Amino acid sequence: MSIRHGLLALLERGPRYGSQLRTEFESRTGSTWPLNVGQVYTTLSRLERDGLVAPDGEDAAGHTLYAITDTGRTELREWYERPVDRANPPRDELSIKLAMAVGAPGVDIRAVIQSQRHATIRAMQDYTRLKATALAAVESGRSHERDDVAWLLVLEQLIFQTEAEARWLDHCEARLVRLSLPADRRAAPSEPPQSAAETPAPTTTTRPGTARTRRA
């Protein structure tokens, strides 16, 4: 998540102060990624250092306002146009947990997967309910519709993400079950044994005074 560019996007709409930026950021994203005021002001200081924002006086309550600069607008446009880099994906706790659980003594990795699957499905259901609320707000045409649409997009991304996670967990469990089979069960099946009906019947040869049985 780029807080840096998120704040620039909000400042493009006009000068803002720190607490106001935090409130608007959380409103736009539905508090999915909550910020604290200290984090906002630290980011503003770095943006000012880089020439992307500049102090722009104070409001009636004495809050220091910040405004985006021309350099900041250029940076923001380039961010919108630049695809998100997936070459270095962020660390994912679930992936790391399952990777470490493989072969870990005393850990039932299938139980770990099952527990996570339940939590993932619950989250998906919660997001789906929130989506219905956000969609109703958008369709009602009430004020702040822009924030409702933005929140709807975030929710749909979260729903797609949890759906993909649930499918991945199913895949992981199937993979582990397959790899846990004995080698002879995983090998390609050999020719099936002959049934009793297909087994050649014994041939009996009788000589004077004896009776022997030999197989053809």
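User: Before we dig in, what counts as contact here?
Analyst: Contact means heavy atoms within 4.5 Å. Keep in mind that this is a predicted model.

User: Thanks! Let's take α4, then. What covers its buried residues?
Analyst: The cover over the buried residues of α4 includes α1 (3-11) and β2 (64-68).

User: And which residues of α4 are buried?
Analyst: Those are Gly72, Glu75 and Leu76. Looking down the axis of α4, you find these buried residues within an arc of 100 degrees, so they line one face of the helix.

User: Nice. Why would residues a few places apart point the same way?
Analyst: An α-helix has 3.6 residues a turn, so residues three or four places apart end up pointing the same way.

User: What's exposed on the other side of α4?
Analyst: Asp70 and Glu81 are exposed there.

User: How does the length of α4 compare with what it should span?
Analyst: It agrees: α4 has 12 residues (70-81), and at 1.5 Å a residue they should span 16 Å, while the end C-alpha atoms are 17 Å apart.

User: Switching to α1. At what angle does it pack with α2?
Analyst: α1 and α2 (residues 18-29) pack at about 100 degrees, and their axes are 10 Å apart. That angle makes α1 roughly perpendicular to α2, because 65 to 115 degrees counts as such.

User: Which residues make that contact?
Analyst: From α1 there are Gly6, Leu7, Leu10 and Leu11, and from α2 there are Leu21, Glu24 and Phe25. By class, that contact of α1 with α2 has five nonpolar residues, one polar and one charged.

User: How about α1 with α3, at what angle do they cross?
Analyst: α1 and α3 (residues 37-49) cross at roughly 80 degrees, with axes that come within 10 Å. These two helices are therefore roughly perpendicular to each other.

User: And who's touching whom?
Analyst: α1 brings Ile3, Arg4, Leu7, Leu8 and Leu11, while α3 brings Gln39, Val40, Thr43, Leu44 and Leu47. The contact of α1 with α3 divides into seven nonpolar, two polar and one charged residues.

Conventions
Residues are numbered from 1 along each chain as its sequence is written. This is a predicted model: local features need pLDDT of at least 70, side-chain atom pairs count only at pLDDT 80 or more; totals for chains, interfaces and linings use all residues. Side-chain values use heavy atoms; hydrogens and water are left out. Helices (H or I, at least four residues) and strands (E, at least two) are DSSP runs, numbered from the N terminus. The expected span of a helix is 1.5 Å times one less than its number of residues. Buried means under 20% relative accessible area, exposed over 50%, partly exposed in between (1.4 Å probe, protein chains only). The arc is that of the directions from the helix axis to the C-beta atoms. Axes are lines fitted to C-alpha atoms, for helices over the stretch in contact, and angles run from 0 to 180 degrees between N-to-C directions. Angles under 35 degrees count as roughly parallel, over 145 as roughly antiparallel, 65 to 115 as roughly perpendicular and the rest as oblique. Ala, Val, Leu, Ile, Met, Phe, Trp, Tyr, Cys and Pro count as nonpolar, Asp, Glu, Lys and Arg as charged, and the others, Gly among them, as polar.
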